[in-house]
Amino acid sequence: MRAAKWWRIWPDPATQPGPVSLLHLPPNLQSPVLGGRALPPHHVLGRAGLQRDMAEAHQAVGFRTSLTSDGAEVELSAPVLQEIYLSGLRSWKRHLSRFWNDFLTGVFPASPLSWLFLFSAIQLAWFLQLDPSLGLMEKIKELLPDWGGQHHGLRGVLAAALFASCLWGTLIFTLHVALRLLLSYHGWLLEPHGAMSSPTKTWLALVRIFSGRHPMLFSYQRSLPRQPVPSVQDTVRKYLESVRPVLSDEDFDWTAVLAQEFLRLQASLLQWYLRLKSWWASNYVSDWWEEFVYLRSRNPLMVNSNYYMMAARAGNAVHALLLYRHRLNRQEIPPTLLMGMRPLCSAQYEKIFNTTRIPGVQKDYIRHLHDSQHVAVFHRGRFFRVGTHSRNSLLSPRALEQQFQRILEDPSPACPHEEHLAALTAAPRGTWAQVRRSLKTQAAEALEAVEGAAFFVSLDAEPAGLTREDPAASLDAYAHALLAGRGHDRWFDKSFTLIVFSNGKLGLSVEHSWADCPISGHMWEFTLATECFQLGYSTDGHCKGHPDPTLPRPQRLQWDLPDQIHSSISLALRGAKILSENVDCHVFPFSLFGKSFIRRCHLSSDSFIQIALQLAHFRDRGQFCLTYESAMTRLFLEGRTETVRSCTREACNFVRAMEDKEKTDPQCLALFRVAVDKHQALLKAAMSGQGVDRHLFALYVVSRFLHLQSPFLTQVHSEQWQLSTSQIPVQQMHLFDVHNYPDYVSSGGGFGPADDHGYGVSYIFMGDDMITFHISSKKSSTKTDSHRLGQHIEDALLDVASLFQAGQHFKRRFRGSGKEDSRHRCGFLSRQTGASKTSMTSTYF
């Protein structure tokens, strides 16, 4: 199945109060000056736009050493060196925590049995009076203690075992190095679709030889290459290229000046620190991305940092999820391989279960338990603890059903304020952190039962899902219920919440910081497939098997809520309802064509949709905007995502041609293919570690640790860093966001809206002939309308498809000869004449 794509459009820059910063800026950066010239007003960081803060991790203490390299003075700062050291330390701690896994699978592509085979071969050679060690075993025997003549043979065996171990370890290390070098090759990714060069064929053969036969989930972790640090000159050049289509001449010239000054003054120093971190830590950007973009955000998780997935069956879901956890713990889940050969990093799988995001005043932290044998359940304002095991074995589906039925039949009412307690997890993180301190003192046992659960289960009292009477409205309500609920019926801190509606429909609400969508998507696919094809139901509608009357009833959690937090719960509930009710969700299936038609056009399905979205957004808003599409970087150790900036000059040229009635279909089609090729090049570059945004993000973080003034990085950061979490308004550019993942997700899903005047859009290919879209925006906005954009997306898809001979039978819209079509196209052109000329004649740095 095709993966869901997440797409965000950021609002008109004219409506924003000011740019934002990930970190607090010192006073001397609030009005930056470059070369004696003050920055234009739209480049100055305003306090009103500040949404996140980073308490400085360290003070400038200790020492400051300088060295000279390539004629430039490089200063070594204690805070940033300490941060790099801690990043590496965290990486090594993770490796040590997986010591047993490393013993079982870290020797991959060999196996522990290969050591026994090697030892036996050495013993056999020794028996035949052959010395494969060339005298090393005799030297080893001399170093061993002399236990007397009766133990002479034992010394020989020990010497052979030690020699076999050293030789075996050397061979394994050589195999790991060879495999890591092979996996560092990305030429296959840059080749045209359907074509394979001789070097790539040779590479595939070598990877097959060195990859072993039966890898486990974490077998490849030691062999994955580290994410490379791109050239800072290339990154800046690509950044300028990406913003050129949406900047005026004056703004672009000034941005280019800032870029030149940055390359001349600060780039080499910041790049040096990143290279140092890339050698010491597992990944030079992922831990900072997790901390500064997710964990240091003080905004509510609901809508902002959670996303959802849909399904249409209930019953055995909890049992299937626990079966997945069992397989995960035993590493029986095979690693994901591109082309059946190239492994992806599996590190994010470790935190699916038994994980909670704990709120903090300054930053959150992720708490992960080795195991948990219960789930926390919410029903009609009450919390329950339901055990999942009996005598160290997993409860059967029928036994779990029995426990949930007991909860549904429990007549006890919710205690005062207990019903709305979970709204605190939807409150701003600083507020929730302060209230949690009191809660931890007064209701420690109940809080631990929830936070220490394998996952959270919400038994909703209302039905949801597609209905025949009103399919459009029911899908919209289904999406809204999964994304936000009622604001107090999800524990948003948990890694995920399983939502079971009263009519048996299912869904997931997933917290984003611990992993990206493909990980939870893989788990959800397993759950649905297991429930449908393996577990099944009896003829009377129950789970198969028999109830267990000896099971103790689910434990009702008792919350001793102090009076001082009652007002906090009420305020949190009010804020959650305001945030939830302001979300305008629209879900619609596009069934006129799908992936099979796009394949017949010999195009990438993702690129096809991306360029069509550019056309749809232009028709909706009458202007272009920067585009954020999230591509995976799991080709590298502990990689997460990188940005693909899809609003390219080539895409803009195609959109203008489609809106120009003087352009012919062949001309538009030629421009469309050029735009698709450009998008594919950007996507492949991002996946191979040569993207723009994560590199600039890491450079900015280093500059803040160094207290180094960089107007260029400040401007860039204010435009882009908050895109993936959709929590921060952007002043200079309004952008939209697409998450591009491999084909793991079988059910639709979506994020919340990007901003007050922005859109959030996701799409998924359902089979070969359907594409399902989810669009979200804010009802309070006068500039956005989710249903209106949905219509533009449908029209854009039809218009693009009709450019191809295979799609001529599709109905053409907005390109006919009627007056309405002519007015539509000319109206947009009249508002965009200046921008069009600027974009078409611009040059790139």
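Asp-371 is partly exposed, with a relative accessible area of 38% (partly exposed falls between buried, under 20%, and exposed, over 50%, using a 1.4 Å probe and protein chains only). Its salt-bridge partner is Arg-325, which counts as buried at 3% relative accessibility. A salt bridge here puts a side-chain nitrogen of Lys or Arg within 4 Å of a carboxyl oxygen of Asp or Glu. Arg-325 sits in helix α12 (residues 317-329), while Asp-371 is in the loop between β10 (365-368) and β11 (374-379), 46 residues apart. Helices are DSSP runs (H or I) of at least four residues and strands (E) of at least two, numbered from the N terminus.

A word on the model: it is predicted, so local features need pLDDT of at least 70 and side-chain atom pairs pLDDT 80 or more, while totals for chains, interfaces and linings use all residues. Residues are numbered from 1 along each chain as its sequence is written, and side-chain values use heavy atoms, without hydrogens or water.

**Salt bridges**

The count comes to 33 salt bridges. Here are three of them:

| Pair | N to O distance |
|---|---|
| Arg-325 and Asp-371 | 3.7 Å |
| Arg-490 and Asp-489 | 3.3 Å |
| Asp-693 and Arg-645 | 3.0 Å |

Asp-693 is in helix α23 (residues 693-705) and Arg-645 is in the loop between β21 (641-644) and α21, so this pair ties together parts 48 residues apart in sequence. Both Asp-693 and Arg-645 are buried, and so are Arg-490 and Asp-489.

Salt bridges with shared partners also link Arg-298, Arg-357, Asp-364, Arg-429, Asp-493 and Glu-511 into one network. Is Arg-429 buried or exposed? At 0% relative accessibility, Arg-429 counts as buried. Arg-429 belongs to helix α14 (residues 429-442). Beyond four places in sequence, its contacts (heavy atoms within 4.5 Å) include Ser-297, Asn-299 and Pro-359.

**Nonpolar cores**

The largest nonpolar core has 45 residues, and Phe-608, Phe-773 and Ile-793 have the most contacts inside it. Such a core is a set of buried Ala, Val, Leu, Ile, Met, Phe, Trp, Tyr and Cys residues joined through side-chain atoms within 4.5 Å. Elements giving it two or more residues include β19 (583-590), α20 (605-621) and α25 (786-801). Helix α20 gives the largest share, eight residues. Among the contacts of Phe-608 beyond four places in sequence are Phe-597, Phe-672 and Leu-797. A second, separate core of 42 residues includes Val-236, Phe-252, Leu-263 and Leu-274.

**The whole chain**

Overall, the chain has 26 helices and 25 strands, and buried residues make up 60% of its 845 residues.
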